[in-house]
Protein chains: 2
Amino acid sequence: MALLRDEVTEILSTVRLFRDLTRQQLTDVAAAAGLVKKEPGRAFFIQGAEARRLYVVLKGRVKIGRITPEGHQIVVRYAGAGDLFGCVPLYGGTEYPATGEAVTASEALYWNRMTMDRLMGCYPPIALNALELLGQELSDIRSRYQELVTEKVERRVARALLRLINQSSRKVDAGILIDFPLSRQDLAEITGTTLHTVSRILSAWEQRGIVTSGRRKIVITRPRALVSIAEDLSEEDL
Amino acid sequence: MALLRDEVTEILSTVRLFRDLTRQQLTDVAAAAGLVKKEPGRAFFIQGAEARRLYVVLKGRVKIGRITPEGHQIVVRYAGAGDLFGCVPLYGGTEYPATGEAVTASEALYWNRMTMDRLMGCYPPIALNALELLGQELSDIRSRYQELVTEKVERRVARALLRLINQSSRKVDAGILIDFPLSRQDLAEITGTTLHTVSRILSAWEQRGIVTSGRRKIVITRPRALVSIAEDLSEEDL
DNA sequence: CGGCTGCTTGATCGCTCTCAAATGGGGTGG
DNA sequence: CCACCCCATTTGAGAGCGATCAAGCAGCCG
C-alpha cells in the first residue's frame, strides 16, 4: 500500500458509505482496504466475473458498462472520486453484471467481500448508508428509464450532458469542459442511441453555438440553451 | 386490526425482508404492523406524497406506476403477496416517486417510518435483507433498461408477459392465464410503448394461436412460442 | 338497454436506425 | 521532425418501426 494509513482514513471520512463512523472505526476500515491503480482502458473487473470486491474511487474516472449477448453496449454510469462501484458484494450477488473500466488513469480502494461482511457486521451505519446509496441509484435509474421511454433523443443527450457537467466538469475560457475523454460512441451508449445520431445532434448544436467539440472532448458554451432543450422550453436566452 | 397476532407472525415469516428473524422477533415486528385494505382502483399512496410507510402485500395485486410531468405513464412493476412496496422510507427518501394502486381487492401490512427505523436498529438482519432486495430490484431494472434500448417492441412485450406469468398466473383449460386484470394500456406502460402497438401485436399473436385475449384478460396458449419470440429464436415448435 | 370503457384497425408521418463512404486530427514510429 | 496510419467523426441516402391521428366496434355494468 502506497498511501499512509492516516491519509486513507482522511479520504474515507468523505465517502458517503462510511458516514457516521468514528475516527477510530474509520481507521479500522482503512486498515482493511487495498489499493489498485489502472491505466486508461484497463478494467477493474469484468462483466460476468465473480464479484469479489467493492471499490471506492480515489482518483480518475471509471466507466461502468454492460454488453448484451448480441453485442450491444450500454454505459450504466461514470464513477468519480468518492464514488462507490462494483457494489454487488454489498447485496449478495455472485457476479458483476457490468464491467468497470478506467477512462483516465485511476486509483481505487477496495475491500474483499468477507472483509466487507465483517465491517458491516461490526458497524451498522455502513449497512444503512449502503441502503441509502442503493436507494438513490435505484431512483436515478428509474428516472432514466422513464426518460428513455418518454423522451426524444436530442432531449436525452442534453440531459446526459447536464448530468455529466454536474459530475465532472471544469470551467475553461470557452465554457464548461467535460473533464474526461468522452466519445460520441460513449454518449450514444449513455443515452441509448447510435453514435451517428449523437454526431448529428452535436453538429447541429455546434452550428447553434451551444457546444464546441472535438475528438473525445466536449465544451458546453451555452449551458442554459442546453437546459432549455432538456426541459423542452422554447429557447428564450441568448 | 382484523388479523390475529399469531397469524400475522406466520405470514411475516415468509417475507424476505424479515428472513433470519427469530419467532420472538417476528412477533415484535408483527405487533408494530398496521393493516390496510383497498378496493380495486384505490391507491395506497400517491406519487409525490410524503413517504411515511413501508408496505408488504398480504393479498391482491398492487400496481406501482409513475407519471411524467407531461402526463406519460409508466408501470414500474406489480407487487403480489409477500412483496414489498413503497420501500422509500427504507433508504431515507422523503416522497414516494410513484403511485401504488390496488388492481384487485388488496390488503397490505404497513410500518411507519419511525417504527421501521426502530426495527432496523434492533434487528440488523432486516437492513441486510433490505439491501439484498434493493440490489435485486436494481439489477432487474437495469436489465429492463437494457432491453428497452436494444430490443424491438414485440420482443419486449413477449418478455413482459413471460415475467407476468412467473409472478402471477394460473393454469386454465386453454393455457396459462394472467390472473389479474391487465389491459393493453397496462402492457404498453410496462413495455414502454403505446396501446395501439400492443393491440396490433396481440392481434397478430392471436392469429398465430399464441394467445387468446379479451377485455383486460390474457391467456397464453403456446408459452413456448412466446419464449422463442422473447429469445429471438426461429420458431421451431408447434 | 344505454353509455362507458377498453379494444381494433386503417392511414400517414417522421424520427431514428442502418448501411456506406469520406474526412481529418493526433499520436507513433522512423 | 515528418509522414503515415488509425480511430473518431462527419455526412449522405434510404428504409422501417412505431407513434400519432382518427374512427368504429364490442363487452360489461348499471
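Two residues are taken to be in contact if their C-beta atoms, placed from the backbone, lie within 7 Å. By this criterion, in the predicted model, 30 residues of chain A are in contact with 30 residues of chain B. On the side of chain A that touches chain B, two or more residues are contributed by each of strand E5 (73-79), helix H3 (88-91) and helix H5 (124-150) of chain A. H5(A) gives the most to this side, with 18 residues. By class, the side of chain A that touches chain B comprises 16 nonpolar, nine polar and five charged residues.

Val149(A) belongs to helix H5 of chain A. When residues up to four places away in sequence are not counted, Val149(A) touches Ile74(B), Leu148(B) and Gly192(B). Val149(A) is classed as partly exposed because it has 16 C-beta neighbours inside 10 Å, a count between the limits of 12 or fewer for exposed and 20 or more for buried residues.

Both protein chains also contribute to the surroundings of DNA strand C. Of the 21 residues around DNA strand C, those that come nearest are Lys152(A), Thr193(A) and Thr197(A), together with Ser183(B) and Ser199(B). H7(B) provides the largest share, six residues. The residues of the surface near DNA strand C divide into eleven polar, seven charged and three nonpolar.

Definitions and conventions
Residues are numbered from 1 along each chain as its sequence is written. Chains are lettered from A and ligands numbered from 1 in the order in which they are written. This is a predicted model: local features need pLDDT of at least 70, side-chain atom pairs count only at pLDDT 80 or more; totals for chains, interfaces and linings use all residues. A residue is near a molecule or strand if its C-beta atom, placed from the backbone, lies within 6 Å of it. Helices (H or I, at least four residues) and strands (E, at least two) are DSSP runs, numbered from the N terminus. Ala, Val, Leu, Ile, Met, Phe, Trp, Tyr, Cys and Pro count as nonpolar, Asp, Glu, Lys and Arg as charged, and the others, Gly among them, as polar.
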